[in-house]
Amino acid sequence: MKRFLKIWYLLGIVLTLQSCDSGFENLNTDPDAVEEPTAAYLFTLSQLDALNPEVFCSHVITSGGFMQHFATYKDVPSLGDRYTWSQGNYPYAFFNTVYPNFVNVIGEVIRAVEDDANEVNLLSAARIWRVLVFQQITDFYGDVPYSEAGEGYAENLYTPVYDEQSDIYEDLLNELEESINAFDSSKDTFGSSDLLYGGDITQWKKFAYSLMLRISMRLTKVDETMAETWAKKAIAGGVITEDDDLARVEYVEGSSSLNYNPFAYALMSNDYSVANGTDNTEGGKYSKTFIDYLKNTNDPRLSVISIVWVNGVADTTSSIQEGMPNGLVGGSAPDNFSSLSEPNPETLLDYTAPYLVLTNSEMYLLLAEAALRGWYAGDAGECYNNAIGASMRHWALYNSTAGAISDSRIEAYIEANPFDDGTYAEKMARIHTQFWVSLFPNEIEIYANWRRTGYPELTPVNVEGNLTGGTIPRRLIYPPDEESLNGENYAAAVARIDGGNVLTGRVWWDVEE
């Protein structure tokens with residue numbers, strides 16, 4: 001069932017209307033404003049906010065560049081491509097966007113429903129949704145404001161403590177378990193205000209257990225016992241394995257960009273709107289690393305996601321696809337720039353494409369790893385094959401024609417790229433290299449999974465003046481404003497990072513081996 005966005009949901013922005021000091025209340029009160037926030041409107045707004053926190057910076061410039069899905073020849077947006085940075089807010093744009101928007105809004109939703117037993121399902125959905133985004137925040141930065149985050153409006157608390165990531169992770173898992181157990185089928189839900197599942201409790205539980213599996217597997221290097229305990233709990237609860245249970249938000253094309261798929265809108269706004277292969281504002285193309293891998297494995301997803309402009313026509317022919325090398329210096333486009341591969345306008349650049357938040361392809365890959373570790377009784381190879389099939393089917397959701405991959409092509413790819421032979425390490429490499437392909441374009445999650453597993457084995461660039469000594473960054477950095485606005489807590493967090501507030505510091509679960 002499609003849950004199309006409606007602009008009137010943004011009436012939830014009444015959240016920002018705050019009363020003034022005593023003596024000025026009557027003068028500054030809007031007679032048309034509501035005094036209490038409407039939880040349903042705000043929850044919809046929180047879902048939109050969660051999927052649109054500086055997408056171009058977080059998914060393309062940083063994560064997508066680090067993971068060598070994207071490349072740029074230009075100097076300003078070069079942080080992800082060659083680990084250089086002289087201007088712009090790329091390393092902290094996510095932080096600066098997600099806190100004042102999503103974190104504040106979801107906090108208001110929770111406060112609006114937490115004291116009413118009849119709204120327990122609304123509370124559970126809000127808590128689970130909050131887990132999703134805080135998992136992303138802490139995975140990017142490490143220790144971050146969490147327990148006191150979003151309390152400025154309610155408690156006048158504007159200098160929140162930076163919680164340690166180990167404590168955040170423990171609480172995220174507990175939040176999921178408590179929220180799942182609190183669901184009550186006899187009570188109301190958000191209904192149509194829920195863009196993800198339309199209030200379906202059964203699907204929300206699967207989503208929560210899937211988040212639990214994702215988070216638990218993140219802990220394999222730092223606390224294997226804890227990882228195993230929570231992974232088994234998630235698997236027993238039931239994760240997303242069917243296409244019908246995908247966590248996704250549908251979009252429509254309209255007069256406002258708020259209706260558009262945020263990934264498509266970000267790419268179009270920053271690089272591909274002219275659609276001629278040449279006039280790319282940020283100098284972006286697909287990376288040679290990514291395109292070469294898809295070509296070398298005869299991956300049918302290549303012609304779904306990638307095009308080359310030939311005489312003004314978007315050509316999907318696999319044989320002509322060619323990526324741009326990462327690490328180009330000099331600020332000038334390569335001579336063949338106009339004939340290099342970029343995103344397909346009929347899939348990734350389609351404003352009406354769905355946003356896939358969490359998929360069965362991801363779950364099957366994590367189940368394959370769990371099976372290898374002995375934490376799951378299923379067959380790792382079967383899970384691996386199921387993940388590939390699911391990922392290839394997902395593209396038809398973007399466009400039923402341009403995104404369609406036939407069953408025969410899926411079967412041929414699986415047969416040509418078998419899982420079963422090899423050592424444990426070789427099988428892990430296959431699983432997580434496939435993760436790198438199958439979850440595209442969810443760059444935030446791909447980047448986090450790469451830091452945990454080391455797969456795929458990417459060759460970093462090492463250009464003069466880079467900030468990492470020629471290694472792929474391990475985290476993003478806190479905004480410089482934090483040092484002045486929340487100095488004491490900022491300093492305590494930075495002191496816990498090896499090397500300080502730098503791109504090479506590692507978050508808690510990213511243990512160097």
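Leucine 458 lies in the loop between α17 (443–453) and α18 (481–485); helices are DSSP runs of H or I, at least four residues long, numbered from the N terminus. The model is predicted: local features need pLDDT of at least 70, side-chain atom pairs count only at pLDDT 80 or more, and totals for chains, interfaces and linings use all residues. Residues are numbered from 1 along each chain as its sequence is written, and side-chain values use heavy atoms, without hydrogens and water.

Leucine 458 has 13% relative accessibility and therefore counts as buried (under 20% relative accessible area, 1.4 Å probe, protein chains only). Beyond its neighbours within four places in sequence, leucine 458 is in contact (heavy atoms within 4.5 Å) with Phe66, Met67, Gln68, Thr289, Trp436, Trp450 and Ile472. Its C-alpha atom is separated by 13 Å from that of phenylalanine 70, 388 residues apart along the chain.

The largest nonpolar core has 149 residues. Such a core is a set of buried Ala, Val, Leu, Ile, Met, Phe, Trp, Tyr and Cys residues joined through side-chain atoms within 4.5 Å. Trp129, Ile137 and Tyr141 are among those with the most contacts inside it. Helix α5 (residues 120–141) supplies the largest share of this core, 13 residues. Leaving aside neighbours within four places in sequence, isoleucine 137 is in contact with Phe94, Val98, Tyr99, Val103, Gly142 and Val144. Another core, of 5 residues, lies apart; Tyr73, Met324, Phe337 and Leu340 are among them.

Helices α8 (residues 201–217) and α13 (residues 360–373) also meet. Ser210, Leu213, Arg214 and Met217 in α8 contact a set in α13 including Glu362, Met363 and Leu366.

Notes. Buried means under 20% relative accessible area, exposed over 50%, partly exposed in between (1.4 Å probe, protein chains only). Helices (H or I, at least four residues) and strands (E, at least two) are DSSP runs, numbered from the N terminus. Axes are lines fitted to C-alpha atoms, for helices over the stretch in contact, and angles run from 0 to 180 degrees between N-to-C directions.
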